[in-house]
Amino acid sequence: MTSGPLTEETEAPDASSPEVEAGAAPRGDGFVVRQVKALVDLWRRSLRFRVVTSTLILGLVVVSIISLTMYRSIADGPVDNRIKLAQTESRKLTDDAQAGFNGYTGTPELPVFASNLVNRTLKAPGGDESRYVIFTRSIDNSSDVRIPSEESDDVSLESVPASLRRAVSADPSRQQTMVIDLDRPTPDAVGSAFPGQSASSETIPAVVVGSQVEVPSADKYDIYFIYPMDREEATLGTISRSFILGALFLIALVSAIAYIVTSMIVTPVRRAAAAAERLSAGHLNERMSARGHDDLALLGQSFNEMADNLQTQIRQLEGLSRVQQRFVSDVSHELRTPLTTIRMAADLLHSSRDEMDPISGRSAELLHDELDRFEELLADLLEISRYDAGAAVLEQDPVDLFAIIDRVVASTTSIADAAGSEVTVHRAPGQTAIAEVDARRIERVLRNLVVNAIEHGEGRPVNVWVGSDDEAAAVPVEDHGVGLKAGEASLVFNRFWRADPARTRTTGGSGPGLAIALEDARLHHGWLQARGEPGAGSRFRLTVPKVAGGPLAGSPLPLTPREGDLPGASA
């Protein structure tokens, strides 16, 4: 090759996504999904959001666990105390009732005596709803004497679970206690319902204590005391609301602290990022404010020192680059005058070489050929100096790349014949590949690629493909010669680099040929890529947008084709 193998660039993926109507939301992407995506994107981009959200979630978990543990510990106290008080009071009242029945003398009648005893001794004083009483016949009572059941207002025997009644009958000597949900009318609904309309009720927890007494000549009767726990429930509600408000306040406080602390860290980091972006954009005088002696101030000082060093180095490199560009340009122009004189003398000697002796004639031929190579090298140096100075411009017109590659193949026929290689352009009948390019520069790129393939093809065939799609046009050039070793693809565009320094040039190409080809491709906003394997040949691909300055998202032809990926019809 004229120069080493080309630098391998990452191939952009082909754009194959379906078109979406402008202004229309993607199908199946509802409001909730969009909000979730926005939150996920915010989570990835914002350190402050991640810290505050994580603190909020962790604080909520920790406070919830602590609050539930403390609430259960506190709530068990009032309930246990209420149960103990209910059992103590129920035992005393039951003993009083048993003593009353034991002192029954026969008058008044037993049902009247039992009703008076229940109402005077067991039921709470008028209007007091802290205790309800149910006096009823035991389920295992077999006596023929029956006493009507006595019930407090707002409750009935249905409020007592059947399991509790069975437990009382099974063990009459012990109190039986159970916590139930008691349905009772609300105070504002008592007596306010219309005829046929039921009053509203409320459900509250209550303690039911069951005992059994012996009624003379009437056998066993059960006494159930129901103690509503509405006061305890109200107390627990107040405690739970206090816990919730305290937990919310604590979480908000911790989140606010996390936000403030994170802002103290994130704000300087964002300023550093913004300063770095402006610095990378070429504003070399950009600096950060570094106040104080903490870690963030140290970050600002380190950033400013780095910016100072970069500015110094960049200015030194810019100065050296300007000196180098000036040197190359001056040397190239200064060599033009002596080279013209030498060219005139060489042409004179070359035209009269037949009249010279064989040694002098051969020397004249060598002088003539080397002068041609020297002129090409000088032209390349001048072209490089124009690229370095940013003075290269394009003259773009719609051109068929097939026509350019046909001219390149025709102009390299003598080189291919001398090397024993056959250059084949693969194309479908009537196919065209029209793109807006600078025909002179693209022809120079393709000629360089074809000549390289011939020189390194070792007499084997050279294949050229031309293809296009709606966005781009591409020309891969493939040989089957020495190929590229591992790592050489990264060196291919280096000026004057050669894959094999000991290799003899046969075509008279100049060293910076591929470097110039790369600059020509970049000037077109295109790609110039290479890939190869040792002993299996190399493949170079030029890709340019079909419209001048258009975006380039992919190439119509692969850089590493599998069998059948490239058209095989020979021109």
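Let me start with one cut-off: a residue is exposed when its relative accessible area is over 50%, and buried when that area is under 20%. Keep that in mind for Met 264. Its relative accessibility is 55%, so Met 264 counts as exposed.

First, what are we looking at? This is a predicted model. There is a protein chain of 571 residues, and 37% of them count as buried. Its secondary structure comes to eleven helices and 13 strands.

How far can we trust it? The mean pLDDT of the chain is 79. At 70 or more we find 84% of the residues. Confidence is highest in strand 5, residues 219–228, with a mean of 93. It is lowest in helix 7, residues 358–388, with a mean of 75.

The chain exposes about 32400 Å², and carbon and sulfur atoms supply 56% of that. One nonpolar surface patch covers about 1100 Å². Its members include Phe 249, Leu 250, Ile 257, Tyr 259, Met 264 and Leu 299. Which element gives the most to this patch? Helix 5, residues 230–280, with eleven residues. Met 264 is found in that helix. So here is our opening residue again, exposed at 55% relative accessibility.

Let's go inside. In soluble globular proteins, nonpolar side chains tend to be buried together. Here, the largest nonpolar core has 38 residues. Leu 401, Ile 405 and Leu 446 have the most contacts inside it. Helix 10, residues 439–456, provides the largest share of this core, eight residues. Take Leu 401. Leaving out residues up to four places away in sequence, Leu 401 touches Ala 433, Val 437, Ile 442, Val 466, Ala 473 and Val 475. There is also a second, separate core, with 24 residues. Among them are Ile 83, Leu 93, Val 207 and Val 215.

How does the chain connect along its sequence? Take the contacts between residues at least 6 apart. Of these, 72% join residues at least 24 apart.

Glu 383 is found in helix 7. Is Glu 383 buried or exposed? Its relative accessible area is 3%, so Glu 383 is buried. Beyond four places in sequence, Glu 383 touches Arg 441, Arg 444 and Ile 516. Look at that last partner. Glu 383 and Ile 516 sit 133 residues apart in sequence, yet their C-alpha atoms are 7.6 Å apart in space.

On to charges. Side chains of opposite charge can pair when their charged atoms come close. How many salt bridges does the structure hold? There are 15.

Pair one: Glu 89 and Arg 131. Their side chains meet at 2.4 Å, N to O. Glu 89 is in helix 2, residues 47–102, while Arg 131 is in the loop between helix 3 and strand 1. The two are 42 residues apart, so this pair links distant parts of the chain. Glu 89 counts as partly exposed, at 30% relative accessibility. Arg 131 is buried, at 11%.

Pair two: Arg 407 and Glu 443. The closest N and O atoms are 3.3 Å apart.

Arg 539 lies in strand 13, residues 537–545, and Glu 478 in strand 11, residues 472–478, so the pair ties together parts 61 residues apart in sequence. Which of the two is buried? Arg 539 is, and so is Glu 478.

Last, the network. Asp 438, Arg 441, Arg 444 and Asp 520 are linked by salt bridges. Thank you.

Methods
Residues are numbered from 1 along each chain as its sequence is written. This is a predicted model: local features need pLDDT of at least 70, side-chain atom pairs count only at pLDDT 80 or more; totals for chains, interfaces and linings use all residues. Side-chain values use heavy atoms; hydrogens and water are left out. Helices (H or I, at least four residues) and strands (E, at least two) are DSSP runs, numbered from the N terminus. Buried means under 20% relative accessible area, exposed over 50%, partly exposed in between (1.4 Å probe, protein chains only). Contact means heavy atoms within 4.5 Å. Accessible areas come from the Shrake-Rupley method with a 1.4 Å probe; for residues, only the protein chains shown count as cover. Patches are made of residues with over 30% relative accessible area and no salt bridge: like charges are joined within 9 Å, nonpolar side chains (Val, Leu, Ile, Met, Phe, Trp, Tyr) within 5 Å. A salt bridge is a side-chain nitrogen of Lys or Arg within 4 Å of a carboxyl oxygen of Asp or Glu. A nonpolar core is a set of buried Ala, Val, Leu, Ile, Met, Phe, Trp, Tyr and Cys residues joined through side-chain atoms within 4.5 Å. pLDDT is the predictor's confidence in each residue, from 0 to 100.
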